[in-house]
Amino acid sequence: QGDQQCSGGGRQCCWRAVWRLSLREVLSLTDQEGELRWREALFFQVGRRRVMDNLKSQSDRGLLPSFRAAVLGGQHEELLCTLDSTGSGENLGVAARCLACIADVLACLAGEGRGGLRSGPAANPAWSHAFSILEQGDLLGGVQALATERAKWLSRPDLLVRAARHYEAAGQVLLRQAVMLSQRFIYIGQGEVPPLGEWQDVECPARLDLSGGWSDTPPIAFEHGGVVVNVAVKVDGRRPIGARARRIKEPRLLLVSSSGVQDDAIAMETVCERLEDLKDHCVPYAPAALLKAVCVCSGLVTYPSRQSLDEQLLQRWGGGVEIHTWSLLPHGSGLGTSSILAGAVLAAVYRCTGRTYDTDSLIHAVLHLEQMLTTGGGWQDQVGGLVGGVKVARSKACLPLRVEVERLPLSDDFLLSLQQHLLLVYTGKTRLARNLLQDTVRRWYSRVPSIVENAGQLVDNAEECARACSLPRLGACLERYWGQKKVMAPGCEPAAVRTMMDALRPLALGQTLAGAGGGGFLYLLTRQPQQGEAVRQVLNNTQGLRDFSVHPVELDMDGISLLKSS
């Protein structure tokens with residue numbers, strides 16, 4: 001019937017006759033500002049949920065854009081509460097990343113370039129209560145205490161940056177606790193205790209990392225998974241790292257560490273006669289810190305304890321212990337000295353107190369010790385020096401962190417050829433690994449895309465290196481590896497080192513700085529065998545280079561070696 005009524009005037013007539021509202025009338029019936037506020041709130045709510053889901057699933061998605069958006073939108077308080085809640089769970093790895101994310105949010109609040117440097121001291125007494133709660137293992141209470149203190153530091157850019165530093169330090173506490181879960185893979189037995197005064201001597205080679213370094217560094221090692229190929233080497237025909245220990249009659253700890261070669265060696269002696277003398281065992285730069293940490297970590301003594309030091313030593317071992325260590329390598333060599341030395345000292349202490357162990361236990365004991373010492377670092381150094389030959393080591397993307405080592409079945413001819421083509425060059429520059437480590441871990445926690453991509457490439461290159469059956473393929477892996485190190489730690493290639501590597505390129509199939517870079521030793525795989533003199537001549541003729549030295553390399557197939565008792 002409507003169609004019949006419209007047939008005369010057409011459908012246009014019907015349309016005109018229909019009741020309608022104007023846009024002005026529609027808008028007058030709505031709350032535009034309320035709608036926009038609701039949509040904005042929903043947008044940020046969804047963003048916070050994505051942040052929480054990504055953290056809990058340990059996704060590699062970068063979260064910095066979400067943090068910046070929340071700060072610009074005035075939603076930082078809600079975001080911080082979300083991160084507090086997510087970080088209060090039971091997973092230490094997730095909780096550590098949450099605290100690092102809070103540090104990023106605080107830095108965003110301060111504004112780029114304002115408030116000072118992110119790296120700096122984090123020892124304000126106001127935060128000590130929260131830190132002590134975390135150290136006691138109360139994750140929920142610690143996160144809440146941090147949030148309470150944080151509220152007092154939001155008024156100025158400089159305070160925000162200082163709060164960010166303390167959150168990074170708190171994250172390191174949790175990271176240490178996460179890595180120390182690997183203690184369950186340490187198996188120490190009890191055997192016959194050697195006679196009083198009998199030395200137990202241990203020597204270790206250095207290590208050259210052929211590929212995959214940085215992927216062994218927590219948290220990358222247990223969030224992404226790590227793979228490293230490295231080789232144990234003698235430098236100038238000697239194992240350059242060693243330790244010896246013996247029980248002594250006096251109930252005290254006599255700790256002697258020396259560095260340098262023979263007449264130029266510098267020795268430092270520390271005597272601990274009271275338990276209080278061990279209070280700085282977790283301060284990396286304290287005198288004899290490594291040896292004190294070994295004494296505590298190995299169970300030689302318990303700290304803290306109600307028992308005095310002499311009571312503990314007499315009751316457990318019938319007297320005190322004397323420990324000597326040495327390294328023939330320069331400080332900051334990049335050859336894994338400190339971790340390998342820790343393994344050597346642990347082995348010597350275990351032996352002089354009649355305890356038994358295997359190399360796998362030593363590897364995890366060093367990992368545990370370095371967390372106690374707060375130096376951090378990964379697992380590849382001790383693998384390289386404690387296990388002989390060329391090997392590939394892996395850790396899966398999970399906690400607890402477990403390292404599995406496989407010696408590569410290479411022919412004697414290939415090993416001989418590799419030895420004849422490897423050379424070490426000391427650059428004369430001391431590397432600073434601690435700063436490199438802190439910056440790299442921060443960028444990993446932020447999931448900077450270039451770092452995430454590079455972590456995958458490090459692992460892929462290491463697997464390729466493990467399959468390499470020719471020197472040219474190995475050289476190509478070394479070249480890729482050096483490029484990956486520079487992505488992981490920008491600034492690890494000083495100008496003098498770049499000049500050195502450019503000069504040596506015609507002689508090399510591949511070359512890289514050892515360890516994290518920044519200085520220390522450079523090693524290269526030469527195109528021709530026995531090229532030590534040729535390398536020395538090239539460097540002598542290159543302007544601007546000085547204080548370098550060239551060293552022959554000998555593969556060490558034994559790893560940690562226990563010398564005859566004396």
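Author: Start with Arg239 and Asp558: a polar contact of 3.4 Å joins their side chains. A polar contact is a pair of N or O atoms within 3.5 Å; within protein, one must be able to donate a hydrogen and the other to accept it, and residues adjacent in sequence count only if both atoms are side-chain atoms.

A word on the source. This is a predicted model: local features need pLDDT of at least 70, side-chain atom pairs count only at pLDDT 80 or more, and totals for chains, interfaces and linings use all residues. Residues are numbered from 1 along each chain as its sequence is written, and side-chain values use heavy atoms, with hydrogens and water left out.

Back to Arg239. Arg239 sits in the loop between strand S4 (226-235) and strand S5 (241-248). Strands (E, at least two residues) and helices (H or I, at least four) are DSSP runs, numbered from the N terminus. Arg239 has a relative accessible area of 15%, so Arg239 counts as buried. Buried means under 20% relative accessible area, exposed over 50%, and partly exposed in between (1.4 Å probe, protein chains only). What does Arg239 touch? Leaving out residues up to four places away in sequence, its contacts include Glu203, Cys204, Pro205, Lys234 and Leu328. Asp556, Asp558, Gly559 and Ser561 are also among them. Contact here means heavy atoms within 4.5 Å.

Another arginine, Arg244, lies over the face of Trp199, at 4.0 Å from the ring centre. The rule: NZ of Lys or CZ of Arg must be within 6 Å of the ring centre and within 35 degrees of the ring normal.

Now look at rings beside rings. The structure holds five aromatic pairs. One of them is Phe43 with Phe44, edge-to-face, at 5.1 Å centre to centre and 75 degrees between the planes. Rings of Phe, Tyr and Trp (its six-membered ring) pair if their centres lie within 6.5 Å; planes under 30 degrees apart count as stacked, over 60 as edge-to-face and the rest as tilted. Phe43 is exposed, at 55% relative accessibility, whereas Phe44 is buried, at 10%.

Trp127 and Trp153 form a tilted pair, 5.5 Å centre to centre, with 55 degrees between the planes. Trp127 lies in the loop between helix H7 (92-110) and helix H8 (128-135), and Trp153 in the loop between helix H9 (139-150) and helix H10 (157-179), so the pair ties together parts 26 residues apart in sequence. Both Trp127 and Trp153 are buried. With Tyr167, they form one aromatic cluster.
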